[in-house]
Amino acid sequence: MTTATNTPTSRPAPAVGASHLRVEGRDKVTGAARYAADHPADGLAHGWIVLSTVARGRIRSVDDAPVLALPGVLAVLHHGNAPRLKEDFVGTFGPDATTRILQHDRVPHMGWPVACVVAETHEQAREAAEALTVGYDTEPHDVRLRPDHPGSYPPEATAMGPGSTDKGDVAAELAASDAVVDAWYTTPEEHHNPMEPHAAMARWDDGRLEVVDSTQGAYATARDLAQLLGLDPDAVRLRSEHVGGGFGSKAQARPHVVLAAMAATVLGRPVRIALTRQQMFSLIGHRSATVQHVRLGAGPDGRLRALEHTALSATSTVREFVEPSAAYGRSMYDASGHRTVHRVLPLDVPTPTYMRAPGEAPGSFALECALDELAERCGLDPLVLRARNEPAAGPVSGLPFAGRRLTDCFTEGARRFGWAGRDPRPGVRRDGRWLVGTGTAASSFFTGAFPATATATAHPDGTFTVRIAAADIGTGARTALTQLAADALEVAPDRVRVLIADSDFGDAWVAGGSMGTRSWGWAVRLAAADLRERLTPGADIPAGGLTVRASTEEAVRALAAYERHAYGAQFAEVAVDPGTGEVRVRRMLGVFAAGRIVNPLTARNQLTGGMVWGLSMALHEEAVRDTASGGLVNADLAGYHVAAHADVPAIEVHWLDDPDPDDPVGIKGIGEIGTVGSAAAVANAVWHATGVRHRDLPIRPDRVLTGAAAPVEGDCAGHR
């Protein structure tokens, strides 16, 4: 036994709320940090996924004999010989048939995995995979999203709640309105493209499957993988210590990790599979394109009488996924007649998935642009219109708000941006050949918490170790958790070591939905505070340390029902060249009320990054499907454009104090909200600069030059 030296004579300055450099920063910049594709193993083999080259049909044959004779080739897995997976798989995100890889001869879309070649080296596996001949019996396919398609249907539920909501008489309120907006908006298919491509390495060790994966949730993915393979949950250990971005694409078990585990099982040796950038365009999900119809009606004072938002998105024929764009207005704006409707269309495309600010990003573009149009028709400043439509409670739920400082965000943003001197007339401000305009939009994203477990250990040398199966996907979560633990222990952060992303640490939510830091931090704080209570002066600490374990299961389940959201106000200034159609964002400003900020340094990083995403969504990102082949024509970063350094202006980020009253620290969440509304602010600024409304993203130079909306097939074409 050793006498405790853990109790300081005076409490150090609070760590929460202070800017701290990332605790893993040195490892990352020196190359010491190992990502999923960096982990070595004795006898490591390499896998390469073979993707279908047809959009719909059946596999007629897999001619693997010539490939098996190639140098270094160890195995060719396909539907005829691959290990069987659990048929009725229900994972972290529900039933998911996309995990039934190499289990049948069906081809549901171009880019579906049809085989996996394993070889001694990465190069041998790739060469052999490219030499593999797969025969198909093709069937007609359909990849076009259009509102008049007879196959669309209303889903019962979405990730953001029910498939539809209805209150009052929308038609009657529209008829009685003095100002009406009736417009269609479209957003294209978008792709995540995290800096680190997806990769996994699997190996068996003493009867246990050890996996390293680029996942946003080590515990969830380990449990899902065990269920798929028919293993006991404790027979799988998964680690993801460093993850180079995810944005939702790494939130669930993807083909690379399933196939790595299958191949390791077949060969009895470690297998690594790393995806290429091109493969990621079909294997990891994407944000569906949307077609959205918004109808707003208001009285002469701009107060809404009617709000109707209908959103159509695509899903696959394999698994239903709904991009819940129409859910955005359910917590933002009230009206006597209030209707939100989702529709989904199954197509022969890869299954969409969660992408940063799911639903809210495309939904805010449509509704916030429509509100800007309504402000113009009412002769009101866009800020005044939004202030007059502030609800007293949840417009659909009727629940009270757990803090809502949206109007304060607009007031502070307007002051900092210089909004007061804005000439509301479009197309009148010039800077040489450039037309200049400014625009604004609101931001909102729900905040929640999931149960989590954490352990805290006191060591005889006066240091502490915290363990939790959290994930740091570049957000700075590891650093924020260190600060939270330090304050709960009443010690300096340099005495705390936080270990994360190991499924053996117990249940913890994935890094997603802006709920990571809040969910994990609650558990870390609870464990650390409990440990602190046990460290009385003079107490003895065993040589192996004193450990306490905490779970937030009861506390999270007991949370009262509120409308829980983070809010923000986005402002943008753009310059448009009428001769070339070029749009340049000159400056952006965001003011947010997003709970207590744990680390201002990494929080600013997250909010700024989210705003860059919105800029990129507004002006650049667009995945284009070839209707003839069913595949993408721009499945790489040469053809799929994202905002580069030269496209990003000075971005200013501020926040207001707005703690959640039911969170022990007051945390809400910031991962998504920076993206919400920023594309709408840019689009509204383009209108102010040119006098032309752009209701279709991205706002490409050709669209600026023609001043025309993109053609949309079906019944919305006549409303343009």
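## A helix and what follows

A helix here is a DSSP run of H or I with at least four residues, and helices are numbered from the N terminus. The model is predicted.

Helix α8 covers residues 360-378, which makes 19 residues. From its first C-alpha to its last, α8 reaches 26 Å. That is close to the 27 Å expected at 1.5 Å a residue. Of the 19 residues of α8, 17 are buried, so the helix is largely enclosed by the rest of the structure. Just after α8 comes Gly 379, with a positive phi of about 70 degrees.

Most residues other than glycine have a negative phi, and most peptide bonds are trans. Some residues here depart from that pattern.

Ala 357 sits in the loop between β20 (337-347) and α8. Its phi is positive, near 60 degrees, and it is a residue other than glycine. Is Ala 357 buried or exposed? Ala 357 has 0% relative accessibility and counts as buried. Asn 193 also is not a glycine, yet its phi is positive, about 50 degrees. Asn 193 belongs to the loop between β13 (179-187) and β14 (199-205). Asn 193 counts as buried at 17% relative accessibility, because the cut-off for buried is under 20%.

The peptide bond between Leu 697 and Pro 698 is cis. Its omega is about -5 degrees. Pro 698 lies in the loop between α15 (678-690) and α16 (701-706).

Strands of a sheet pair through backbone hydrogen bonds, either parallel or antiparallel.

Strand β3 spans residues 57-63. Two bridges connect β3 and β7 in the antiparallel sense. Which residue of β7 is the bridge partner of Arg 58? The partner is Arg 106.

## Cavities

How many cavities of 30 Å³ or more does a search of the whole structure find? There are three. By class, the lining of the largest cavity has nine nonpolar, eight polar and two charged residues.

The second largest cavity holds about 50 Å³ of space. Residues that line it include Phe 89, Phe 93, Asp 96, Asp 224, Gln 252 and Arg 319. Gly 91, Thr 92, Gly 94, Thr 99 and Ala 253 also belong to that lining. The lining of the second largest cavity divides into three nonpolar, five polar and three charged residues.

## Cysteines

The structure has zero disulfides. A disulfide needs the two sulfur atoms within 2.5 Å. Cys 409 is in no disulfide either. Its nearest cysteine sulfur, again that of Cys 369, is 19 Å away.

Cys 378 counts as buried at 16% relative accessibility. Cys 409 is buried too, with a relative accessible area of 0%.

Notes
Residues are numbered from 1 along each chain as its sequence is written. This is a predicted model: local features need pLDDT of at least 70, side-chain atom pairs count only at pLDDT 80 or more; totals for chains, interfaces and linings use all residues. Side-chain values use heavy atoms; hydrogens and water are left out. On a 1 Å grid over the protein atoms alone, a cavity is a set of points where a 1.4 Å probe fits but cannot get out, and a pocket is an open set with protein on both sides within 12 Å along at least five of seven lines; lining residues have an atom within 4 Å of a point. Grid points are joined across faces, edges and corners, and a volume is the space filled by probe spheres set on the points. Ala, Val, Leu, Ile, Met, Phe, Trp, Tyr, Cys and Pro count as nonpolar, Asp, Glu, Lys and Arg as charged, and the others, Gly among them, as polar. Two strands pair if DSSP finds at least two bridges between them. Buried means under 20% relative accessible area, exposed over 50%, partly exposed in between (1.4 Å probe, protein chains only). The expected span of a helix is 1.5 Å times one less than its number of residues.
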